[in-house]
Amino acid sequence: MLQKSIGIVLHSLKYNDSMNIVDMYTEHAGRVSYSIRFSHSRQSKVKPVLFQPLAFIEFEADCRPKTRLYPIRDAKSWFPFQTIPYDPYKSAMALFLSEFLYRSLREEEENIPLFAYLNHSIRWLDVCKSGYANFHLVFLMHLSHFLGLYPNVEHYIDGYYFDLLNAQFTPFLPVHGAYLKAEEAAQIGMLMRMNYDTMHLFRLNRVQRNRCLTVINDYYRLHLPDFPVLKSIEVLKELFGG
(Lines give C-alpha, C1' and ligand atoms only; values in the text may rest on other atoms or scores of the structure.)
Protein backbone atom coordinates (compact mmCIF):
# COMPACT_ATOMS: atom_id res chain seq x y z
CA MET A 1 0.00 0.00 0.00
CA LEU A 2 1.42 3.36 -1.03
CA GLN A 3 1.65 5.90 1.78
CA LYS A 4 2.75 9.52 1.67
CA SER A 5 4.92 10.85 4.46
CA ILE A 6 7.50 13.45 5.49
CA GLY A 7 10.85 12.39 6.93
CA ILE A 8 14.22 13.70 8.08
CA VAL A 9 17.26 11.86 6.71
CA LEU A 10 19.38 10.29 9.46
CA HIS A 11 21.57 7.87 7.55
CA SER A 12 22.13 6.61 4.02
CA LEU A 13 24.03 3.45 3.13
CA LYS A 14 24.95 2.32 -0.36
CA TYR A 15 23.72 -1.26 -0.74
CA ASN A 16 24.79 -1.80 -4.35
CA ASP A 17 25.25 0.21 -7.56
CA SER A 18 21.52 0.88 -7.90
CA MET A 19 20.12 0.85 -4.38
CA ASN A 20 20.61 2.66 -1.08
CA ILE A 21 19.15 1.96 2.32
CA VAL A 22 18.01 5.16 4.05
CA ASP A 23 16.91 5.62 7.65
CA MET A 24 14.58 8.55 8.30
CA TYR A 25 12.72 9.94 11.25
CA THR A 26 9.19 10.38 9.97
CA GLU A 27 6.33 12.58 11.09
CA HIS A 28 3.84 9.80 11.82
CA ALA A 29 5.83 6.58 12.20
CA GLY A 30 9.02 7.51 14.03
CA ARG A 31 12.19 5.92 12.73
CA VAL A 32 11.75 3.85 9.56
CA SER A 33 14.14 2.21 7.08
CA TYR A 34 13.56 2.52 3.34
CA SER A 35 15.10 1.12 0.18
CA ILE A 36 15.73 3.51 -2.69
CA ARG A 37 16.49 2.43 -6.24
CA PHE A 38 18.28 5.05 -8.27
CA SER A 39 18.08 5.49 -11.99
CA HIS A 40 20.42 7.56 -14.15
CA SER A 41 17.45 8.68 -16.19
CA ARG A 42 16.46 12.34 -15.97
CA GLN A 43 12.88 11.14 -15.57
CA SER A 44 13.68 9.29 -12.34
CA LYS A 45 11.32 10.17 -9.47
CA VAL A 46 13.98 9.50 -6.83
CA LYS A 47 17.28 11.40 -6.98
CA PRO A 48 20.27 10.57 -4.72
CA VAL A 49 21.11 14.24 -4.11
CA LEU A 50 17.93 14.63 -2.05
CA PHE A 51 19.09 12.32 0.75
CA GLN A 52 21.66 14.51 2.47
CA PRO A 53 22.11 14.56 6.28
CA LEU A 54 19.06 16.08 8.00
CA ALA A 55 17.31 16.81 4.68
CA PHE A 56 13.52 17.04 4.76
CA ILE A 57 11.95 14.64 2.28
CA GLU A 58 8.34 14.35 1.14
CA PHE A 59 7.93 10.87 -0.28
CA GLU A 60 5.64 8.00 -1.19
CA ALA A 61 6.58 4.48 -0.08
CA ASP A 62 5.17 1.00 -0.53
CA CYS A 63 4.39 0.09 3.10
CA ARG A 64 3.38 -3.54 3.09
CA PRO A 65 2.58 -5.44 6.31
CA LYS A 66 5.36 -7.52 7.90
CA THR A 67 8.01 -5.69 5.87
CA ARG A 68 10.93 -3.94 7.57
CA LEU A 69 12.35 -2.19 4.50
CA TYR A 70 9.88 -0.12 2.51
CA PRO A 71 10.63 0.82 -1.13
CA ILE A 72 10.33 4.54 -1.89
CA ARG A 73 8.54 5.15 -5.19
CA ASP A 74 8.59 8.96 -5.35
CA ALA A 75 10.46 11.66 -3.42
CA LYS A 76 11.05 15.40 -3.42
CA SER A 77 12.44 18.04 -1.09
CA TRP A 78 9.90 19.20 1.48
CA PHE A 79 12.01 22.12 2.75
CA PRO A 80 14.89 23.05 0.41
CA PHE A 81 17.92 24.15 2.43
CA GLN A 82 19.35 27.60 1.82
CA THR A 83 22.72 27.21 3.56
CA ILE A 84 23.35 23.84 5.27
CA PRO A 85 24.75 21.94 2.24
CA TYR A 86 26.89 24.90 1.16
CA ASP A 87 28.36 26.09 4.45
CA PRO A 88 31.24 23.84 5.62
CA TYR A 89 30.52 24.55 9.30
CA LYS A 90 26.80 23.87 9.03
CA SER A 91 27.27 20.79 6.84
CA ALA A 92 29.74 19.32 9.37
CA MET A 93 27.27 20.05 12.14
CA ALA A 94 24.46 18.41 10.16
CA LEU A 95 26.64 15.34 9.56
CA PHE A 96 27.38 15.02 13.29
CA LEU A 97 23.79 15.57 14.40
CA SER A 98 22.39 13.13 11.84
CA GLU A 99 24.82 10.49 13.09
CA PHE A 100 23.88 11.28 16.68
CA LEU A 101 20.16 11.01 15.91
CA TYR A 102 20.70 7.81 13.93
CA ARG A 103 22.27 6.23 17.00
CA SER A 104 19.89 7.66 19.61
CA LEU A 105 16.41 7.58 18.05
CA ARG A 106 15.05 4.04 18.29
CA GLU A 107 11.26 4.36 18.53
CA GLU A 108 9.19 3.19 15.58
CA GLU A 109 6.03 5.07 16.44
CA GLU A 110 4.59 8.55 16.13
CA ASN A 111 6.09 11.27 18.32
CA ILE A 112 4.71 14.59 17.14
CA PRO A 113 6.52 16.78 19.75
CA LEU A 114 9.90 15.25 18.89
CA PHE A 115 9.36 15.65 15.15
CA ALA A 116 8.28 19.26 15.74
CA TYR A 117 11.46 19.89 17.77
CA LEU A 118 13.67 18.45 15.02
CA ASN A 119 11.76 20.37 12.37
CA HIS A 120 12.09 23.70 14.20
CA SER A 121 15.75 23.17 15.14
CA ILE A 122 17.01 22.18 11.71
CA ARG A 123 15.12 25.01 10.00
CA TRP A 124 16.54 27.46 12.55
CA LEU A 125 20.08 26.34 11.81
CA ASP A 126 19.54 26.67 8.07
CA VAL A 127 18.33 30.28 8.19
CA CYS A 128 20.65 31.48 10.98
CA LYS A 129 23.37 33.78 9.65
CA SER A 130 25.72 33.95 12.64
CA GLY A 131 26.16 33.09 16.31
CA TYR A 132 25.40 29.38 15.98
CA ALA A 133 28.69 27.89 17.27
CA ASN A 134 26.88 26.51 20.35
CA PHE A 135 23.91 25.17 18.39
CA HIS A 136 24.89 21.50 18.64
CA LEU A 137 25.34 21.76 22.42
CA VAL A 138 21.92 23.35 22.96
CA PHE A 139 20.29 20.95 20.52
CA LEU A 140 21.64 17.86 22.30
CA MET A 141 20.87 19.10 25.79
CA HIS A 142 17.24 19.77 24.94
CA LEU A 143 16.95 16.59 22.88
CA SER A 144 17.46 14.71 26.15
CA HIS A 145 14.05 15.97 27.30
CA PHE A 146 12.31 14.09 24.47
CA LEU A 147 14.25 10.90 25.21
CA GLY A 148 13.44 10.93 28.91
CA LEU A 149 17.04 11.75 29.85
CA TYR A 150 16.70 15.40 30.87
CA PRO A 151 18.92 16.12 33.89
CA ASN A 152 17.40 17.25 37.16
CA VAL A 153 18.71 20.80 37.54
CA GLU A 154 16.23 22.05 40.17
CA HIS A 155 18.48 21.59 43.19
CA TYR A 156 21.69 23.14 41.90
CA ILE A 157 23.79 25.05 44.41
CA ASP A 158 27.17 26.54 43.63
CA GLY A 159 29.85 24.03 44.58
CA TYR A 160 27.74 20.90 44.00
CA TYR A 161 28.92 17.94 41.94
CA PHE A 162 26.90 16.68 38.98
CA ASP A 163 26.20 12.96 39.08
CA LEU A 164 26.14 11.89 35.41
CA LEU A 165 24.86 8.42 36.20
CA ASN A 166 21.87 9.62 38.24
CA ALA A 167 21.43 12.86 36.26
CA GLN A 168 21.32 15.18 39.26
CA PHE A 169 23.34 17.64 41.33
CA THR A 170 24.61 16.48 44.67
CA PRO A 171 26.68 17.94 47.55
CA PHE A 172 28.31 14.53 48.04
CA LEU A 173 31.12 13.04 45.98
CA PRO A 174 29.58 10.09 44.06
CA VAL A 175 31.18 6.72 44.80
CA HIS A 176 31.35 5.93 41.07
CA GLY A 177 33.56 7.80 38.60
CA ALA A 178 30.81 9.26 36.39
CA TYR A 179 30.51 12.77 37.79
CA LEU A 180 31.58 16.35 37.18
CA LYS A 181 33.42 18.51 39.65
CA ALA A 182 31.91 21.80 40.76
CA GLU A 183 33.36 24.02 38.02
CA GLU A 184 32.18 21.77 35.18
CA ALA A 185 28.89 21.03 36.96
CA ALA A 186 28.09 24.75 36.82
CA GLN A 187 28.32 24.61 33.01
CA ILE A 188 25.49 22.05 32.92
CA GLY A 189 23.19 24.62 34.48
CA MET A 190 24.46 27.22 32.02
CA LEU A 191 23.70 24.98 29.05
CA MET A 192 20.19 24.37 30.36
CA ARG A 193 19.57 28.13 30.37
CA MET A 194 20.60 28.51 26.73
CA ASN A 195 18.22 28.53 23.80
CA TYR A 196 18.79 29.19 20.12
CA ASP A 197 18.05 32.91 20.44
CA THR A 198 20.25 33.56 23.48
CA MET A 199 23.12 31.08 23.09
CA HIS A 200 25.35 33.65 21.35
CA LEU A 201 25.42 35.57 24.64
CA PHE A 202 27.21 32.71 26.41
CA ARG A 203 30.92 32.83 25.66
CA LEU A 204 32.73 29.51 25.50
CA ASN A 205 36.37 29.14 24.51
CA ARG A 206 37.77 26.23 22.50
CA VAL A 207 38.54 24.06 25.53
CA GLN A 208 35.17 24.71 27.20
CA ARG A 209 33.13 24.00 24.07
CA ASN A 210 34.98 20.77 23.33
CA ARG A 211 34.69 19.66 26.93
CA CYS A 212 30.94 20.34 26.93
CA LEU A 213 30.53 18.24 23.79
CA THR A 214 32.53 15.40 25.32
CA VAL A 215 30.48 15.48 28.53
CA ILE A 216 27.16 15.50 26.65
CA ASN A 217 28.30 12.61 24.48
CA ASP A 218 29.46 10.67 27.55
CA TYR A 219 26.14 11.38 29.26
CA TYR A 220 24.19 9.86 26.38
CA ARG A 221 26.53 6.87 26.27
CA LEU A 222 25.83 6.23 29.95
CA HIS A 223 22.07 6.24 29.45
CA LEU A 224 21.53 4.76 25.99
CA PRO A 225 22.41 1.07 25.48
CA ASP A 226 25.01 0.39 22.79
CA PHE A 227 25.55 4.08 22.01
CA PRO A 228 28.91 4.11 20.17
CA VAL A 229 31.78 6.54 19.86
CA LEU A 230 30.75 8.85 17.01
CA LYS A 231 33.18 9.23 14.13
CA SER A 232 32.10 12.78 13.31
CA ILE A 233 32.61 14.22 16.80
CA GLU A 234 36.31 15.00 16.30
CA VAL A 235 35.58 16.94 13.09
CA LEU A 236 33.02 19.04 14.94
CA LYS A 237 35.42 19.69 17.80
CA GLU A 238 38.02 20.93 15.33
CA LEU A 239 35.61 23.25 13.52
CA PHE A 240 33.75 24.69 16.51
CA GLY A 241 36.46 24.55 19.12
CA GLY A 242 37.77 27.95 18.18
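Buried means under 20% relative accessible area, exposed means over 50%, and partly exposed lies in between, with a 1.4 Å probe and protein chains only. Keep that handy for the tour.

This is a predicted model, in which local features need pLDDT of at least 70, side-chain atom pairs count only at pLDDT 80 or more, and totals for chains, interfaces and linings use all residues. Residues are numbered from 1 along each chain as its sequence is written, and side-chain values use heavy atoms, with hydrogens and water left out.

Helices (H or I, at least four residues) and strands (E, at least two) are DSSP runs, numbered from the N terminus. Pick out E1, E2, E3, E5 and E4: in that order they make a closed barrel of five strands with mixed pairing. From one strand to the next, the twist averages 55 degrees. Angles here run from 0 to 180 degrees between N-to-C directions, with axes as lines fitted to C-alpha atoms, for helices over the stretch in contact.

Now zoom in on E1 (residues 2–16) and E2 (residues 19–26), an antiparallel pair joined by eight bridges. Two strands count as paired if DSSP finds at least two bridges between them. Across from Met 19 in E2 you'll find Asn 16.

Next, select residues 88–104, helix H1, which packs on the sheet and touches E1, E2 and strand E3 (30–37). The direction of H1 makes about 105 degrees with that of E1. Then try residues 112–127: helix H2 also packs on the sheet, touching E1, E2 and strand E4 (56–62), with its direction at about 65 degrees to that of E1. Contact means heavy atoms within 4.5 Å.

**Stop two: salt bridges.** The rule asks for a side-chain nitrogen of Lys or Arg within 4 Å of a carboxyl oxygen of Asp or Glu, and the count comes to five salt bridges. Show Arg 31 and Asp 23, whose side chains meet at 3.6 Å, N to O. Arg 31 is buried at 16% relative accessible area, and Asp 23 is buried too, at 7%.

Move on to Arg 73 and Asp 62, a salt bridge of 3.5 Å, N to O. This pair links distant parts of the chain, with Arg 73 in strand E5 (residues 70–77) and Asp 62 in strand E4, 11 residues apart. Arg 73 is partly exposed at 42%, whereas Asp 62 is buried at 7%.

Now jump to Glu 184 and Arg 211, which meet at 2.7 Å, N to O. Glu 184 sits in helix H4 (residues 182–193) and Arg 211 in helix H5, 27 residues apart. Glu 184 is partly exposed at 27%, and so is Arg 211, at 33%.

**Stop three: helix H3.** Select residues 135–146. Nine of the 12 residues in H3 are buried, including Phe 135, Leu 137, Phe 139 and Met 141. After H3 comes Gly 148, with a positive phi near 75 degrees.

Most residues other than glycine have a negative phi. Ala 167, in the loop between strand E6 (161–163) and strand E7 (168–170), has a positive phi of about 55 degrees and is buried at 11% relative accessibility. Finish at Asp 226, with phi near 65 degrees, in the loop between helix H5 (206–223) and helix H6 (233–240). Asp 226 is exposed, at 74% relative accessible area.

Methods: The expected span of a helix is 1.5 Å times one less than its number of residues.
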